[in-house]
Amino acid sequence: MQKSRIVFFMLTFVGITTNIMADAMPASLLNWQKQNHIPAVSMTIDNSNGTKSYYSGTTAIGNTTKLQQHDYFQIGSITKTFTAAAILTLEQNGKLNINDPLGKYLKNYPRWSKITLKQLLNMTSGIYNYTDALPIMSLPKAQQEKLYSADELVQIAYKHKDYFASGSSWKYSNTNYVLLGMVVEQVSEHNLGEYLPLTFFEPLELNYTQYVDNGFPSNVKPFLVHGYRDNKDVTDINLSSYDAAGAIISNTNDIAKWFRLLMSGQVLAKTQQQELTSTIAIGEHKPKPTSARFGLGVYEYTSTQYGKIWWYQGVTEGYVAFVGYLPQKDVSFAIMTNKRNSANINYFMPDNQLMKTLIPQILKTQ
């Protein structure tokens, strides 16, 4: 087969010079990057035949170091797909049951003792979202870079009134997944920094994926793409403030691979896979699609244009990432960016114009 000719050209915006493969990354994503002044964008498409990865931009505003595969991004709440899979793996190994009450494992939160693990997983617990009361960006630098314990984060939520009686409604709360991470550690007798690599990262050869709730390892920090809130560099904010709800760094190759393996049934046993993908309606929670549904750490949406997609968007203070799985073609894709614009952080909702253009193109990339 004749190799396609690769043409390079230079694109300059907001003071950043970027090398781009002109016949690779879809023009719709490149145009979106330019319009939103995003320094770096990575995308990987993964199917059973292999992967295609595309990189655009530099690792920091003002430098000339081109983005490469070995570079890390923060993936934010996509971390929750791993935390949910960890709980389900413990269940299939007979260590717990998702219908167990939280009080069976954690004794320090008696008000929540009857809330089930499943209600934590599918966001029907009613527990207050601690990140709403932890304004990291407005805190002094020392508090932004400090190590937060899981209990310290949960105690913030425990001081607030619950949103509703457990099981009676749906509302997103990062506290749910911090609690689930604590359960994983209690049951497995490993901290998450040990359990996730042993259970998922190493067996699945996710070589550029790390759980970093204790700070960035010295051998990783040089390869972490700088993240920006608007144009402020916020790379050094400690991800311990996200814990099991969002403290993973990775690249698009690993996350696209992970999500296809997870959603195609190659990670969990059949019973747990059915639990993972048993969804409930979430109702009106803009900017998420009104018809979106939520399973155990994954969203489901069906488009009249391109069909079903399983997905998650992850956001930290300086990064926005997305992963999707299209079961009709057994193809997944991941997109990672390193700038969070205050005016709009929901870059990749599956019903917005960018995704309506991009996803049909991805379905053709087989």
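Author: Let us start with a definition: a residue counts as buried when its relative accessible area is under 20%, and as exposed when that area is over 50%. Please keep in mind throughout that this is a predicted model.

Reader: Why is T316 called buried?

Author: T316 has a relative accessibility of 1%, and the cut-off for buried is under 20%, so T316 counts as buried. T316 is placed in the loop between β13 and β14, and, once its neighbours within four places in sequence are set aside, T316 is in contact with Q74, G76, L239, Y242, G246 and R340.

Reader: What makes L121 buried?

Author: The relative accessible area of L121 is 0%, and because the word applies to values under 20%, L121 is buried as well. L121 belongs to helix α3, which covers residues 117-121, and its contacts beyond four places in sequence include A84, I87, Y177, F294 and L296.

Reader: How far apart are L121 and Q144 in sequence and in space?

Author: They are 23 residues apart in sequence, and their C-alpha atoms lie 27 Å apart in space.

Reader: How do you know which strands are the edge strands of the open sheet?

Author: The sheet has 8 strands in the order β4-β3-β15-β14-β13-β12-β11-β10, with antiparallel pairing, and β4 (50-57) and β10 (280-281) each pair on one side only, which makes them the edge strands.

Reader: Which helix lies across β3 and β4?

Author: That is helix α8, residues 252-263, which also lies across β13, β14 and β15, and which runs at about 145 degrees to β15.

Reader: How much space lies in the largest pocket, and which residues are closest to its centre?

Author: The largest pocket holds about 700 Å³ of space, and of its 28 lining residues N129, T131, Y172, N174 and I345 are the closest to the centre. Strand β13 gives the largest share of the lining, with 5 residues.

Key:
Residues are numbered from 1 along each chain as its sequence is written. This is a predicted model: local features need pLDDT of at least 70, side-chain atom pairs count only at pLDDT 80 or more; totals for chains, interfaces and linings use all residues. Side-chain values use heavy atoms; hydrogens and water are left out. Two strands pair if DSSP finds at least two bridges between them. Helices (H or I, at least four residues) and strands (E, at least two) are DSSP runs, numbered from the N terminus. Contact means heavy atoms within 4.5 Å. Axes are lines fitted to C-alpha atoms, for helices over the stretch in contact, and angles run from 0 to 180 degrees between N-to-C directions. Buried means under 20% relative accessible area, exposed over 50%, partly exposed in between (1.4 Å probe, protein chains only). On a 1 Å grid over the protein atoms alone, a cavity is a set of points where a 1.4 Å probe fits but cannot get out, and a pocket is an open set with protein on both sides within 12 Å along at least five of seven lines; lining residues have an atom within 4 Å of a point. Grid points are joined across faces, edges and corners, and a volume is the space filled by probe spheres set on the points.
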